[in-house]
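This report goes through a two-chain structure, taking the folds, the packing and the contact between the chains in turn. The reader may wish to keep the sequence and the coordinates at hand while following it.

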Amino acid sequence: MKKELIKYAVFAICILLAPLAFSGNYLMNVLVFVGIHTLLAVALNLLLGYAGQISLGHAAFFGLGAYGSGILSTTYEWNPWLAMLVVALVVGGLAFAIGFPILKLKGHYLAMATLGMGIIVYIVFNEWVAITGGPSGFSGIPNLELGPVVFDSDLKNYYLVWTFVLGCVLLSVNLANSRIGRAFRAIHDAEVAARVMGVNARLLKVQVFALSAMICAIAGSLYAHVMTFVAPPSFGFNISVELLTMVVIGGLGSIYGSFLGALLLTMLPEFLRFMHDYDIVFYGGLLMVMTIFMPGGLVRGIPDLFRKITGLKNKKGGAHA
Amino acid sequence: MELGNQLLQYMLSGLSTGAIYALIGIGFSIIYNATGIINFAQGEFVMLGGMLTLFLMETLKLPLWAAIPLAVLLATLVGLVFERLAIRPLRKASPISLVIITIGGSILIRGLSMLIWDKDTHALPPFSGDDPIMIAGATVLPQHFWILGITVVLIGLNKWFFSHTISGKAMRACSYNPRAAGLVGIDVRRMVLLSFVISAAMGSLAGIIVAPLTMTSYDVGVMLGLKGFCAAIIGGMSSGIPTVIGGLILGVLESLGAGLISSGYKDAIAFVILLLILFIRPQGLFGKPESERV
């Protein structure tokens, strides 16, 4: 536990100090999105890495958060913070309700069902023009305000978003190391055995699904207020796949891995401008290569690789001696 | 009378899209039954069928009758390579890894097609002109008959293959119990490969015959694939008649929904049905309940 706290402290200090290095740079703006993606990836990882339940529809919760916040705070002029809270609770409640039937399914069937759910939500964003603005999007969303501070610059947004990320990471790390976290891992490894040991697997899975959806909704609200504009393509199937890629690259079940995955996949397109439009090919290839050659993700794969290399050296040394 | 005509029109066009869904759904089922994998890349074979035919006709100037078999052959080759490179190394992996790898594969195939061709939608010429035929007040394009006819032939071939050939019977044995099949001397890995080959061939042919009606582009595979899966789910992942009925039901409902309710929400119909079936009758409309379908 102490080790976890130190890791968290190092992570938090790095995050808080990062603007010193990048302030005024356009990378500040990219880092805001790294934060939003980290929230989403951590949320999906709670479900996929800990509870072992796949979702190909998480972009839907992200979108519901973004549209919910945008519509309530703009069309209905609610206080944005109140809107964010209400939307998170409603999306969480919704996920809790559909969680019971949907998480009864397993593996491939669960993947298809969540995918179907995601596409239905996406179609509604596109077609319910009167409320969502349809394919041309929804604009004019206000920036968040806290007392005298208006979150309208990259630097301010950076601290806004990353405060949420730090909170979410702390929550997730704690959760992972708690009784509940151990129960999740038991479900992941052998659901029947876990049930026999008295873990209420079904309820726990639904709860983590709801929690995961809530975090996505909050990320969506932040996205809406940072961008001040939302449109359906930001919440389609591709985004769900991108999130999945982040989690897989970072490593299933590793919270900091999700951060790493989000960082990599958000920064890479910035450096590989020429890949614009083709980044989806890259995601596809990356997903396949990682699943085949590094199923534990970077967080576990790199130390393994390192061990293999040094292990080989040791073996050689041993033979000589 | 007017409404009656309209309904007939919707039914007829629904039946031919339904036939396409049925063919794609059978592709899903064949792979699922042989391997327990839902191949998320199934839709991409459908896309490849249409796009390859177009490519062969426009760039290589081949006539339609030559382009079609060649396109099916090429798409099947992609299916074969996909199985060898992505599925075989991971045979013992968890369902989640397999879902991820087939999604990765589908994105890769789609992305590469976008790179090789373009992002535009293209039309394939209809097989025998587009002078509509009048039937009891409804106008039907000849392509609809091609679709229905080819589907009937394919389903017949499929049925014959699974019940009258050694390979077909061996594949059925693998779907009941791969270990026992292996014990009696069936090469299970070859059967898995064969299942990908058959699915890719059927999927690509479905993509070719529907392309003159609905246009084709690098990303048509996503929706067609998902709807094919929906047909297979309605049919309880059967590789026979139940999935065909599933496809036809879906096609007709969609067409009626688009015509009578709203064309914008047309695509949502399939997914609502998909979720309902998965929630209420995961064994399919016609299947008997099983204790667990993992």
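The sections below describe a predicted model, beginning with the two chains and ending with the contact between them.

## Chain A as a whole

Chain A contains 14 helices together with four strands. Its radius of gyration is 20 Å, close to the 20 Å that the globule rule gives for 321 residues, so chain A is as compact as a globular protein of that length. The C-alpha trace of chain A spans about 75 × 50 × 40 Å along its principal axes.

Of the 321 residues in chain A, 49% count as buried. When contacts between residues at least 6 apart in sequence are considered, 77% of those in chain A join residues at least 24 apart.

## Chain B as a whole

Chain B has eleven helices and two strands, and its elements follow the order α-α-α-α-β-β-α-α-α-α-α-α-α from the N terminus on. A compact globule of 294 residues would have a radius of gyration near 19 Å, and the 19 Å of chain B agrees with this. Along the principal axes, the C-alpha trace of chain B spans about 60 × 50 × 35 Å.

Buried residues account for 49% of the 294 residues of chain B. Of the contacts in chain B between residues at least 6 apart in sequence, 75% join residues at least 24 apart.

## The largest nonpolar core

The largest nonpolar core holds 189 residues, and those that touch the most other members are A:Leu39, A:Leu40, A:Ile215, A:Ala217, A:Ile218, A:Ala219 and B:Cys230. Helix α10 of chain A (residues 201-227) contributes the largest share of this core, with 17 residues. Once neighbours within four places in sequence are left aside, A:Ile215 is in contact with A:Leu39, A:Val42, A:Ala43 and A:Cys168.

## Helix α6 of chain B

In helix α6 of chain B (residues 166-176), the buried residues are B:Met171, B:Cys174 and B:Ser175. Viewed down the axis of α6(B), these buried residues fall within an arc of 100°, so they line one face of the helix. On the other side of α6(B), B:Ile166 and B:Tyr176 are exposed.

B:Leu48 lies in helix α2 of chain B (residues 42-58).

If residues up to four places away in sequence are not counted, B:Leu48 touches B:Ala75, B:Val78, B:Ser204 and B:Gly207. The C-alpha atoms of B:Leu48 and B:Asp219 are separated by 9.8 Å, although these residues are 171 residues apart along the chain.

## Contact between the chains

Between the two chains, 33 residues of chain B are in contact with 31 residues of chain A. On the side of chain B that touches chain A, the elements that give two or more residues are α4 (95-116), α9 (220-234) and α11 (266-280) of chain B. Among these, α4(B) gives the most to this side, with 14 residues.

By residue type, the side of chain B that touches chain A divides into 26 nonpolar, five polar and two charged residues.

Conventions. Residues are numbered from 1 along each chain as its sequence is written. Chains are lettered from A and ligands numbered from 1 in the order in which they are written. This is a predicted model: local features need pLDDT of at least 70, side-chain atom pairs count only at pLDDT 80 or more; totals for chains, interfaces and linings use all residues. The radius of gyration is taken over C-alpha atoms; the globule rule is 2.2 Å times the number of residues to the power 0.38. A residue is buried if 20 or more other C-beta atoms lie within 10 Å of its own, exposed if 12 or fewer, and partly exposed in between; C-beta atoms are placed from the backbone. Two residues are in contact if their C-beta atoms, placed from the backbone, lie within 7 Å. A nonpolar core is a set of buried Ala, Val, Leu, Ile, Met, Phe, Trp, Tyr and Cys residues joined through C-beta atoms within 7 Å. The arc is that of the directions from the helix axis to the C-beta atoms. Ala, Val, Leu, Ile, Met, Phe, Trp, Tyr, Cys and Pro count as nonpolar, Asp, Glu, Lys and Arg as charged, and the others, Gly among them, as polar.
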